[in-house]
Amino acid sequence: MSAPSDPVIRPLRADAARNHAAILAAARAALEADGPDVALEEVARRAGVAPSTLYRRFAGRDELVAAVLEDYVAESVEPLLARAAAVDDPWAALTGVLEGLVDGVTRHRGLLTAAKAVGAFTPELAVRTLAPLGDLLRRGQAAGVVRGDLEPEDLLVAVQMAVATAEGRADGARRWPRYLGLLLDGMRPRER
């Protein structure tokens, strides 16, 4: 007797794939514009689909927000990390990726707030970000341009700290580069 095989995952039909992409784009825009409590019916309206189409693709808000976060990471964060890995200068690679992450978080707060609220930040998603950050960090440490006691999680905390300087301020979006620069200065090796 053989074990049952895994179910075959079939690609979406063209119209279903278009609807899926439209729903993800509309959900991201709605989360950014209206916040994490936007009605799913509003997302469907913005996507140009019936609410039943949205619910056929996504069981509810949690699943939709998780899919939007996954799409955002694949579309924005992973390419940022890949570009940084290709930069020859380890310090420029690390600072570039941190600047990109802070910029992304400040521009996509609605999505990230909703993702946090529904528990969409999974361990798998964290590994996809932390592993490449760890590689960049180790590269900088090996080159002697980054403190040896830093860990990849420290980089995410630095991003959160820089983002916090932008929250609640009309000019915050323009001020975070200054604060990130101060944090980056603290990441340099100490002079003996």
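**Exercises: pocket, cavity and annotated spans**

In this predicted model, the lining of the largest pocket holds 15 nonpolar, four polar and three charged residues.

**Exercise 1.** Describe the largest pocket by its volume, its central residues and the elements that line it.

*Solution.* 
1. The volume of the largest pocket is about 790 Å³.
2. Its lining counts 22 residues, and those closest to the pocket centre are Val105, Leu112, Phe121, Val159 and Gln160.
3. Two or more lining residues come from each of helix H4 (61-85), helix H5 (90-107), helix H6 (109-118), helix H7 (123-142) and helix H8 (152-166).
4. H8 contributes the most, five residues.

**Exercise 2.** Find the cavities of 30 Å³ or more and state what lines the largest cavity.

*Solution.* 
1. Searching the whole structure gives one cavity of 30 Å³ or more.
2. Helix H1 (14-34), helix H2 (40-47) and H4 each give at least two lining residues, and H4 has the largest share with three.

**Exercise 3.** Give the helix content and end-to-end C-alpha distance of the two spans annotated in UniProt.

*Solution.* 
1. The unreviewed UniProt entry assigns "domain: HTH tetR-type" to residues 17-76. This span is 82% helix and 0% strand, with its end C-alpha atoms 20 Å apart.
2. The unreviewed entry also places "DNA-binding region" at residues 39-58. Here the chain is 75% helix and 0% strand, and the end C-alpha atoms lie 14 Å apart.

How values were computed:
Residues are numbered from 1 along each chain as its sequence is written. This is a predicted model: local features need pLDDT of at least 70, side-chain atom pairs count only at pLDDT 80 or more; totals for chains, interfaces and linings use all residues. Side-chain values use heavy atoms; hydrogens and water are left out. UniProt positions are given in the numbering used here, feature names are shortened, and annotations may be inferred rather than shown by experiment. Helices (H or I, at least four residues) and strands (E, at least two) are DSSP runs, numbered from the N terminus. On a 1 Å grid over the protein atoms alone, a cavity is a set of points where a 1.4 Å probe fits but cannot get out, and a pocket is an open set with protein on both sides within 12 Å along at least five of seven lines; lining residues have an atom within 4 Å of a point. Grid points are joined across faces, edges and corners, and a volume is the space filled by probe spheres set on the points. Ala, Val, Leu, Ile, Met, Phe, Trp, Tyr, Cys and Pro count as nonpolar, Asp, Glu, Lys and Arg as charged, and the others, Gly among them, as polar.
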